[in-house]
Amino acid sequence: MGLVESGKLPKSLTTLLNLSRRYSMWCYQWGLACCAIEMGAAFAGPRYDVMRLGVIPLPASPRQADLVVISGTVTDKMAVSIKRLYEQMPDPKYVISMGSCTNCGGPYWDSYSVTKGVDQIVPVDVYVPGCPPRPEALLEGIVLLQQKIRHEDPATRWRGDPIVVQ
Amino acid sequence: MSDPSAGDTDVAEETGTDAAAEAPEGTEAAEEVPRDEVREKQLAVFTEAFGDRVLDSHIVAGVDLWVRVDRADWVAAVELAKVKLGCTFFDFLSGIDWAPSPWGRYEDALEDAPRANGSSPSIPVNTGIPPVDPATVEQGFAGGATRFQVFARLINVKDGTSVVLKVDVPDDDLSVPTLTRLFAGANWHERECWEMFGFTFDGHPGLRHLYLPGGFEGHPLRKDFPLVARMVKPWPGIVDVEPMPATDDPEAAPDEETAAGDAVEAATEDQASTGEEGTQ
């Protein structure tokens with residue numbers, strides 16, 4: 001994958017790579033509060049059926065995930081775990097911040113214990129507003145993320161160290 | 001209640017405001033106060049055991065019994081309730097900080113502030129009503145003599161009665177004997193109370209953080225704990241002032257908006273200056 005790291009990938013290969021990446025996203029669910037109910041409706045219920053978009057919401061571990069949806073109130077105590085979760089995910093990795101609490105603190109904007117926005121800890125790709133957002137809103141966020149991946153140069157997402165075989 | 005400070009004193013002891021509100025009614029029409037023989041008997045058990053050391057008590061007929069005891073009798077009073085009154089269910093233990101917030105009342109608009117001699121109220125840090133004089137604060141049911149109190153509620157699950165026991169905690173020694181020997185479930189309540197208010201519970205098996213991160217500094221449920229977000233941002237309800245939908249007068253609505261906007265501008269300037277000082 002040295003081509004990817006150096007950004008010298010042929011355009012046709014980039015298109016193919018992005019196509020396959022955006023329609024096979026393994027999504028880790030990180031539900032922290034009431035938004036997790038809506039996320040569960042979007043991901044686990046047959047009514048909304050996120051798998052038709054190519055998202056598989058059932059990775060066994062963050063190490064198998066391409067995307068994490070952080071939904072709910074992020075407290076300062078939980079922030080450490082979210083940072084660790086993000087660091088465990090392999091590049092390229094994406095974060096969707098779902099709900100007002102995760103975006104900016106929401107109704108807990110003045111709390112002593114709530115992190116005012118998960119983007120203080122990890123970089124966020126798509127913000128889904130709402131308190132809580134409806135499942136359709138989360139699905140739209142995923143579609144937006146897929147559009148973002150479509151026009152992306154994989155090299156820009158390659159933040160990790162190159163893999164060295166000894 | 002006429003005292004505007006009472007609503008602000010403590011949410012946990014919201015019933016305390018009712019106590020003060022009902023007290024005058026009780027003195028005016030003493031005959032109409034309903035008797036509650038069950039709870040009077042329960043109170044008699046306490047007075048029999050502790051005599052004058054029952055500092056104060058209060059009964060709301062059909063609702064609850066409040067008993068305030070000395071700190072030396074705290075464990076004995078809880079044990080008495082458990083053994084003699086059959087209150088074997090430990091409902092909760094918590095603390096009260098009766099001091100009014102020194103930061104004022106953020107959530108109230110400036111127009112509601114009490115003004116002395118027609119002058120404009122002085123704003124300490126942020127928008128909102130300036131702090132309340134601590135001397136005017138009334139402590140709820142069963143009274144109190146100190147800023148801090150610890151209280152616990154015990155329930156008799158057989159007949160549904162319950163007792164609220166309160167104890168004063170003096171400022172110079174914020175410690176209370178632990179209840180964990182009587183109720184193992186008091187462990188986490190006391191740990192939470194310890195980290196939120198800063199009380200120590202003598203004899204507790206392990207006072208360490210329960211909810212807050214380990215390195216947390218300060219005691220967030222104390223009234224003088226500063227909420228930093230409020231220092232840099234006015235309360236949203238004051239900022240987002242909209243004319244009431246019922247206002248049909250088209251001229252009145254813009255006036256309100258501009259007035260509110262001016263107030264917010266002045267407030268943000270004021271807090272910007274103080275906020276900078278605070279951070280330096």
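## The interface between chain A and chain B

In this predicted model, chain A and chain B bury about 870 Å² between them, and carbon and sulfur atoms give 71% of that area. On the side of chain A that touches chain B, the residues comprise four charged, two nonpolar and one polar. The contact draws on seven residues from chain A and 16 residues from chain B.

## Chain A

Chain A contains seven helices and five strands. Along the sequence these elements follow the order α-α-β-α-β-β-α-β-α-β-α-α.

Chain A has 166 residues, and 46% of them are buried. Taking the contacts in chain A between residues at least 6 apart in sequence, 78% join residues at least 24 apart.

## Helix 4 of chain B

Helix 4 of chain B covers residues 74-83. Which of its residues are buried? They are Trp74(B), Ala77(B), Val78(B), Leu80(B) and Ala81(B). Seen down the helix axis, these buried residues fall within an arc of 155 degrees, so they line one face of helix 4. An α-helix has 3.6 residues a turn, so residues three or four places apart point the same way.

The buried residues of helix 4 pack against several elements of chain B: helix 3 (37-50), strand 2 (64-69), strand 3 (89-97), strand 4 (148-155), strand 5 (162-169) and strand 6 (175-177).

Definitions and conventions. Residues are numbered from 1 along each chain as its sequence is written. Chains are lettered from A and ligands numbered from 1 in the order in which they are written. This is a predicted model: local features need pLDDT of at least 70, side-chain atom pairs count only at pLDDT 80 or more; totals for chains, interfaces and linings use all residues. Side-chain values use heavy atoms; hydrogens and water are left out. Contact means heavy atoms within 4.5 Å. Buried area is the accessible area (1.4 Å probe) that two parts lose on being put together, summed over both. Ala, Val, Leu, Ile, Met, Phe, Trp, Tyr, Cys and Pro count as nonpolar, Asp, Glu, Lys and Arg as charged, and the others, Gly among them, as polar. Buried means under 20% relative accessible area, exposed over 50%, partly exposed in between (1.4 Å probe, protein chains only). Helices (H or I, at least four residues) and strands (E, at least two) are DSSP runs, numbered from the N terminus. The arc is that of the directions from the helix axis to the C-beta atoms.
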